[in-house]
Each structure stands twice: as structure tokens, then as C-alpha cells.
Amino acid sequence: MKTVLTCTVNGIEHTVLADTRDTLLDLLRDRIGLTGTKEGCGNGNCGTCTVLMDGATVNACLILAFEAPGRDIITIEGLSDGGRMHPIQEALVAHGGTQCGFCTPGIVLSAKALLDTNPQPTEADIRHAIAGNLCRCTGYGKIVEAIAAAATTARES
Amino acid sequence: MQAFEYLRPETVEAAVAALNESGARALAGGTDLVPQMREGRRSASRIVDLKHIGELTAITVRPDGSVAIGAAATATAVSRHAAIAATYPAVASSVRLIGGVQVQNRASLGGNICNAAPSADAVPALLAQDARAVIASPQGRRESSLAELLHGPGRTSLSPGELLVSIVLPPHTPRSAAAYLRFTPRREMDIAIAGVAAWIALDARGAIAAARIVLASVAPTAIRAPTAEAKLIGEQPTSALLTEAGRLAAQDARPISDTRGSADYRRTLVSVLTARALADGCAQIQAGAP
């Protein structure tokens, strides 16, 4: 069954024809065309589909599209400023905190939610913030270093 | 996933009316329900979203000191609530063990209870604090102990048409404290092989006046450890006594062997975690817990 849904993504209001069974992830990728948000496990374990909903990280695969109207949703596409990468993205590049890159959009948004509320996180805070984001390429050491560096850069600027 | 109708009521009464139909399911955080529906393990012809009902998302400190937590309040909201963090730290810390941050931002306290996993991380601390449940139905409201709500893996005692409205933590007992400890191979994003919550109250002489020990992942539901509790009453909380309580709690457990651990391993974990949780509670009281 089809339904018309209106929701705000990255500050832009979208009115789209959706399937009533769509998840927020389906809505973002297949109806709006924002494919930066990835589907990994599809059941809330891996965090690759992490987006911000009213400022808090959520797994888009665990949310019905019906729940999106009235919420402020930010995806990875909403972070770059006119094509310039967000400082968290720059830090991940500089520290080699990415390999295949599939988990990276989710990691960036989890890091952003952390730094927005806790500008001076400890290593334990960072590890807790990304506990719900699984990376299968590598260890988490460089990712943690990159987020710590992004926090330092943000405090100094 | 089958097609469904989506409703967003704004009062408990409207939600109860909407749920009083076969095929209707309540949706709070959706962290269990949505994947269950996508994988065909649960079906629904009507989804009733509870997150727009003020009473179901509110956390209220009552005049008598008790705290009512709306069943759709998120784990994040529960863990960050000042009164819960100050007075019921075992509850605040246990909900921070549910999944990762993304899940905690959505998962509800009522959902963790009603999904009825024997390993549900929110449940042992709530039972140790002697929490009660407020339940609404077309006939009105009733209250029961939270323990009565839990019937088995994936099963509660809620009748069709009944809705869990809130969880009530009773007023704080002076010189009491609780702790919940679980064992997982990984620190985060894992399911407890065994978990133990302990609540303990000391009298003016420092002897144990009352105790509740709750064991998780070692029976079809979280269960009390009555033999271990009885051993403690009237005694000074020496480490020998707490170790003995752990040994008795391991006998009170009814674990199975599965891929996550053998029954013997689970009993050993119960023994160790019980002694540690009791010691944690005593330390909080001695450190001047409220």
C-alpha cells in the first residue's frame, strides 16, 4: 500500500510516495535518494544506518517511515558544508580511521552526537558512544584517535 | 512485512481502544518489534504508536517519593533522569546496558519488560527495587507487582487489550542500596550470560534488615533467590556471609545450557555476581547513599 509522507531531512522538507511498510532507512535511501546512509545488518546491531533524529543517534532500520513526520532528521549528507567535509570526517581521513568506509557515515554521526553534548570526551566516553557502530575491517584504535583529535580541534578553534 | 494501519493516539484511553482489536500491536521504541516484523517473527495489522501520549513518556516524582516511569520512556531518558540517577542508580545504570547508544535513544522501559527476554537488562534492578506495574484496559486500571507480569520467554501475564502504562519505583528505604551486575563476553552490545541484581537494607547496627536478590538469564524469567535472601537477614554483611549467599543463590538458579554458556558456568557466574552485587550495595550504604 502506498502513502504520502512529509518529513524534514537535512533541513529540507520532502514529500514522497512511500510504501506503508517502509522503514526510515527505506525512506531515506529509496524514496529520497540519500544513499549515504547504509544498510548493514538490518536489525539494529551494526549501526551503519545511524542518523540523527532530533539530535540523538538512532538506527534508521529500526524506525518505521510513518514515525518520521514531525522529526528533524540529519543524515551524513547533511554534515558537509557546500562540499567541504565536516571536521570529524577530516579527522578520520587524517588518522586513517577508515578502510572500506561502509561503517564510516554511522561512526561520523555517532561522533557528532557525542561532541555536540560532550566537547571534552574521555577515551571511555568515545568508545561508549561508538559501541553501537561495528567496524569489520580494522580495530577501533584509529577511529577513537580521530574522534579525540576532532574534539581537540573543535575546542581550539 | 505485512501491510498495517498506523495510529498515533494521544491519550491512554484512545490507545487502549485502538489496541482492543485482534492484530493490533503497541509500538514504543520499535527496537524489538520492527526487526521482528521485518523478519516475519511477529505480525501486526495495526500499529499503535505510544510515543505521543504524555503519560507514557513522562517520568514523575510523586509527593511520597515514589517515581512513576511511563512505559514508553526511553532508556536514555530513564538513565539521565536526575531523581532516578540519584536515588535508584542501579536502575539508571542497568538501562545503559541495553544495546548501544542508538538503541538506548529509542528502546523503552516498557518494551524491555514486555518483550520478556530472560536476559532483559532493565528488569533485574526494577525487581530488586520492588517495582510495581500500572496496567490499563477497557475496564479501567489495575496495579500489580512487576514480578507478576513476567511469565516466560517472550510472554507476559498481560491479557489481550491490556496496556502497560507505567512502572512505579517505591519510595526509597533509608540505608538501602541496589546494584545490577551482568557478565558478557563483550562489555557493550551483548546479551548477559547471567546477571544479578541485589537490593540490601541495613539497620542501625549495620546488620542486614532486608534483602532482595534477582537472578537473570538463569531461568525462564528473572527470578528471586529466596534461600540466599533468607540467609542474610539479621546478619552482619561480612565477606564470608556474602560469599555464602552467592553459593545459595547459585542453587536457587535454574539455568539451561545453550550456545552462550553451560548451566554449570551460569551457576558459577551467579555465585560470584551475587556476592559482588551485595558488596556493591553495602559499599554504597557505607559511603552514605541516600
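Visitor: How many cavities of 30 Å³ or more does a search of the whole structure find?

Guide: This is a predicted model, in which local features need pLDDT of at least 70, side-chain atom pairs count only at pLDDT 80 or more, totals for chains, interfaces and linings use all residues, and side-chain values use heavy atoms, without hydrogens or water. Residues are numbered from 1 along each chain as its sequence is written, while chains are lettered from A and ligands numbered from 1 in the order in which they are written. A cavity is a set of points, on a 1 Å grid over the protein atoms alone, where a 1.4 Å probe fits but cannot get out. The search for cavities of 30 Å³ or more finds one.

Visitor: How much space lies in the largest cavity?

Guide: A volume is the space filled by probe spheres set on the grid points, which are joined across faces, edges and corners. For the largest cavity, that space is about 70 Å³.

Visitor: Which helix and which strand of chain B each supply at least two residues of the lining of the largest cavity?

Guide: Lining residues have an atom within 4 Å of a point, and those of the largest cavity include B:Ala120, B:Val123, B:Pro124, B:Leu150 and B:Gly152. Helices (H or I, at least four residues) and strands (E, at least two) are DSSP runs numbered from the N terminus. The two elements of chain B that each supply at least two lining residues are helix H9 (123-128) and strand S8 (150-152).

Visitor: Between which domains of chain B does the largest cavity lie?

Guide: Domain bounds come from an automatic or database domain assignment. Both domains give residues to the lining, so the cavity lies between domain 1 (5-169) and domain 2 (176-286).

Visitor: How many polar residues does the lining of the second largest pocket have?

Guide: Five residues of this lining are nonpolar and three are charged. The polar residues number ten.

Visitor: Which residue in the turn between S1(A) and S2(A) has a positive phi?

Guide: Two strands pair if DSSP finds at least two bridges between them. Strands S1 (2-9) and S2 (12-19) of chain A run antiparallel and are joined by eight bridges, with A:Cys7 opposite A:His14. They form a hairpin with two residues between them, and the residue with a positive phi, of about 55°, is A:Asn10.

Visitor: Which residue takes a positive phi in the hairpin of S3(A) and S4(A)?

Guide: Strand S3 (50-53) of chain A and S4(A) pair in the antiparallel sense over four bridges, and A:Met53 stands opposite A:Ala56. Two residues lie between the strands, and the one with a positive phi, near 50°, is A:Asp54.

Visitor: What radius of gyration does chain A have?

Guide: Chain A has five helices and five strands, and its C-alpha atoms fill a box of roughly 50 × 30 × 25 Å along the principal axes. The radius of gyration is taken over C-alpha atoms, and the globule rule is 2.2 Å times the number of residues to the power 0.38. For 157 residues, a compact globule would have a value near 15 Å; chain A agrees with this, at 16 Å.

Visitor: Which strands stand at the edges of the three-stranded parallel sheet of chain B?

Guide: This open sheet has the order S1-S3-S2. S2(B) and strand S3 (46-49) pair over four bridges, and B:Ala24 stands opposite B:Arg46. Each edge strand has a single partner strand, so one side is left without a neighbour in the sheet; these strands are S1 (5-7) and S2 (24-27).

Visitor: In S5(B), which residue is the bridge partner of B:Ile59?

Guide: The open antiparallel sheet of five strands in chain B has the order S4-S5-S10-S6-S7. S4(B) pairs with strand S5 (67-70) over three bridges. In S5(B), the partner of B:Ile59 is B:Ile69.

Conventions. 1 Å grid on protein atoms, 1.4 Å probe; cavity = no way out; pocket = protein on both sides within 12 Å on 5 of 7 lines; lining within 4 Å. Nonpolar A, V, L, I, M, F, W, Y, C, P; charged D, E, K, R; others polar.
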